[in-house]
Amino acid sequence: MGRHRSDPMGIARLVLIGLVVLLALAVVAVGAKSLMTVLGSDDAGAAVATPRASGGASSSASTRTATVQIVCSADRCPVFVRIPGGDVLMDRDMTRGEQASYFEPELDVVLGDASTVTVLENGTQRPPGETGERQTFKVTRSPDR
């Protein structure tokens with residue numbers, strides 16, 4: 001006849017499986033939180049404007065001139081904006097009519113195709129680039145703005 005013995009790892013296996021499931025859920029939660037933070041950071045530094053009706057009361061933010069304002073005039077406008085040595089504020093393709101404004105003291109800007117965007121530096125329009133031309137430049141906030 002056979003001998004029966006209890007498996008010494010029975011309860012330990014169940015506890016181990018439970019810990020692995022909890023760890024997997026924690027990793028998913030941290031990943032989701034990080035993803036939401038990254039996706040939300042594009043809009044944190046950028047003010048994507050919608051058309052406004054004129055004649056209404058304006059807020060103090062709308063009267064302040066942006067260090068750089070970028071307006072996309074093509075179907076796809078590759079744009080990269082960052083604080084020098086710091087955070088990346090935008091690294092994506094903008095769509096037609098989309099605009100982004102940044103008010104940081106100093107910014108590095110890279111335009112994948114300079115002919116597809118209108119750029120205002122401290123309220124002054126930057127000369128448009130040639131079709132397909134990649135432009136890299138630095139913008140410093142005017143002291144009077």
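Colleague: Does valine 119 count as buried or exposed?

Modeller: Start with the scale: buried means under 20% relative accessible area, exposed over 50%, and partly exposed in between (1.4 Å probe, protein chains only). Valine 119 has 3% relative accessibility, so this residue counts as buried. Bear in mind that this is a predicted model, where local features need pLDDT of at least 70 and side-chain atom pairs count only at pLDDT 80 or more, while totals for chains, interfaces and linings use all residues. Residues are numbered from 1 along each chain as its sequence is written, and side-chain values use heavy atoms, with hydrogens and water left out.

Colleague: Where does valine 119 lie, and which residues does valine 119 touch?

Modeller: Helices (H or I, at least four residues) and strands (E, at least two) are DSSP runs, numbered from the N terminus. Valine 119 is part of strand β6. Contact means heavy atoms within 4.5 Å. Not counting residues up to four places away in sequence, valine 119 touches Val68, Gln69, Ile70, Leu111, Thr124, Gln125, Arg126 and Phe137.

Colleague: How many helices and strands does the protein have?

Modeller: There are two helices and eight strands. Read from the N terminus, the order is α-α-β-β-β-β-β-β-β-β.

Colleague: What about nonpolar residues on the surface?

Modeller: Patches are made of residues with over 30% relative accessible area and no salt bridge; like charges are joined within 9 Å, nonpolar side chains (Val, Leu, Ile, Met, Phe, Trp, Tyr) within 5 Å. Areas come from the Shrake-Rupley method with a 1.4 Å probe, and for residues only the protein chains shown count as cover. Ile11, Val15, Ile17, Leu19, Val21, Leu22 and Leu25 form such a patch, with about 730 Å² of accessible area together. Leucine 19 sits in helix α1 (residues 10-45) and, at 51% relative accessible area, is exposed.

Colleague: Which cysteines does a disulfide join?

Modeller: A disulfide is a pair of cysteine sulfur atoms within 2.5 Å. Cysteine 72 and cysteine 77 are joined this way, with S to S at 2.0 Å. The link is right-handed, with 75 degrees about the S-S bond. Cysteine 72 is buried at 3%, and cysteine 77 is buried at 0%.

Colleague: How many salt bridges does the structure have?

Modeller: A salt bridge is a side-chain nitrogen of Lys or Arg within 4 Å of a carboxyl oxygen of Asp or Glu. A search of the whole structure finds seven. In one of them, arginine 82 pairs with aspartate 108, the closest N and O atoms being 3.5 Å apart. This pair links distant parts of the chain, with arginine 82 in strand β2 and aspartate 108 in strand β5, 26 residues apart. Arginine 82 is partly exposed at 29%, whereas aspartate 108 is buried at 15%. Another joins arginine 92 and glutamate 98 (2.5 Å, N to O).
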